[in-house]
Amino acid sequence: MAGILISLVLLTFMAVTAFYVLRLRHLFSVVMLTGVFSLLSAALFTNLDAVDVAFTEAAVGGGISTVLMLGTLALTRRREKVPETLSIGPLIIALVTGAALVYGTLDMPRFGDPNAPALKHVVPEYIEGTANDVSMPNIVTAVLASYRGYDTLGETAVIFTAGIGVLLLLVWRREEDEEDEDGEKEDRA
Amino acid sequence: MKHHLVLRVVTKLMIPFILIFGLYVQFHGDFGPGGGFQAGVIIAAAFILYALVFGLEEARKVVPDGALRILVPAGVLIFAGTGVATLLMGGKFLDYDVLRPSDTGGQHLGIWLVEFGVGTTVAAVMIAIFFTYAARPHQIDDEDW
């Protein structure tokens, strides 16, 4: 019961934060509020006993991406332009998508239902296997690194590719700029 | 932010604890919550905090670009290398059981190696991305914020 109450309070805070992210035009505050939003959702995940996810959310969403957003902000302007006309199309799309998602959740099994289809397929095998074959207390780690090792290798490759991509885009650009400047100096000389 | 004395002192106090916590999450991930990804991000956060407070140049002395260039692919190679090692030892790709003769020892060793690879790549990529962002010319002065 207390768990549900805490979840409700956190969800309310998240809704309020999201509302202010929409309303505010001062982008520094917006970035800070998205960090707050991530931290609140991390607390929500902890409350739902998904500690590993909460960890990731707090470190990536609340920490690193906030810092990266601030770094981006330093390169652009700090105020959002106020749109001159209210565009109806995107509003309708957002409302319809939201309604469809809410409608979809009606058919979902209750939270923590042991008979949910997702928990019937391979999960019992993993739970037994983690105890017998892997003998590790943290099932999440066993599933990530052992049962789903291919997927995790793919994820690591994705992170690697993303990092290389950012480095190529930003570092190359900078070196080109520097070359241009050098070229100009030579021209002047 | 070199003029903020409180920030500097508190940062210096906090960084060792953040790093220790990162290592704990990395190497205790099979018993408690966490694992390579979370540990990598936490360790990267420690270095990013250092760079934020003490400046990019100081942080670059701690983690030189050359080290990052090695660490970013090294993690992926450790992960894939574990898979290749299991292949060479007669198992399937990423089938850790062949790594050690005992019942579950192979799984433990394999998961340890793989998580270590993930942590290395994640930490190095996060630090590298932050360094590249922070190295771009800033147009806003401290006072403008």
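Colleague: How many salt bridges does a search of the whole structure find?

Modeller: Two, over all chains. Keep in mind that this is a predicted model.

Colleague: What makes Lys61(B) and Glu58(B) a salt bridge?

Modeller: The closest N and O atoms of Lys61(B) and Glu58(B) are 3.2 Å apart. The cut-off is a Lys or Arg side-chain nitrogen within 4 Å of a carboxyl oxygen of Asp or Glu, so the pair qualifies.

Colleague: Why are Lys61(B) and Glu58(B) separated by about one helical turn?

Modeller: Because they sit three residues apart in helix H3 (residues 56-62) of chain B. An α-helix has 3.6 residues a turn, so residues three or four places apart point the same way.

Colleague: And why is Lys61(B) called exposed, but Glu58(B) partly exposed?

Modeller: Lys61(B) has a relative accessible area of 62%, and exposed means over 50%. Glu58(B) comes in at 31%; buried would need under 20%, so Glu58(B) falls in between.

Colleague: How do you know that Asp65(B) and Arg60(B) form a salt bridge?

Modeller: Their N to O distance is 3.1 Å, and the limit is 4 Å, so that one counts too. Asp65(B) is partly exposed, at 32% relative accessibility.

Colleague: Over to chain B's helix H1 (residues 5-27). How do you know that its end-to-end span agrees with what it should be?

Modeller: At 1.5 Å a residue, its 23 residues should span 33 Å, and the end C-alpha atoms are 34 Å apart, so the two agree. There is a kink in H1(B), though: about 30 degrees at Met14(B), shortly before Pro16(B).

Colleague: What covers the buried residues of H1(B)?

Modeller: Those residues include Ile15(B), Ile18(B) and Val25(B). Among the elements covering them are helix H3 (51-73) of chain A, plus helices H2 (36-54) and H5 (105-135) of chain B.

Key. Residues numbered from 1 in each chain as written. Chains lettered and ligands numbered in written order. Predicted model: local features only at pLDDT ≥ 70, side-chain atom pairs only at ≥ 80, totals over all residues. Heavy atoms only, no water. Helix = DSSP H or I, 4+ residues; strand = E, 2+ residues; numbered from the N terminus. Expected span 1.5 Å × (residues − 1). Bend = angle between axes of the 7 residues up to and from the residue. Buried < 20%, exposed > 50% of the residue type's maximum accessible area, 1.4 Å probe, protein only. Contact = heavy atoms within 4.5 Å.
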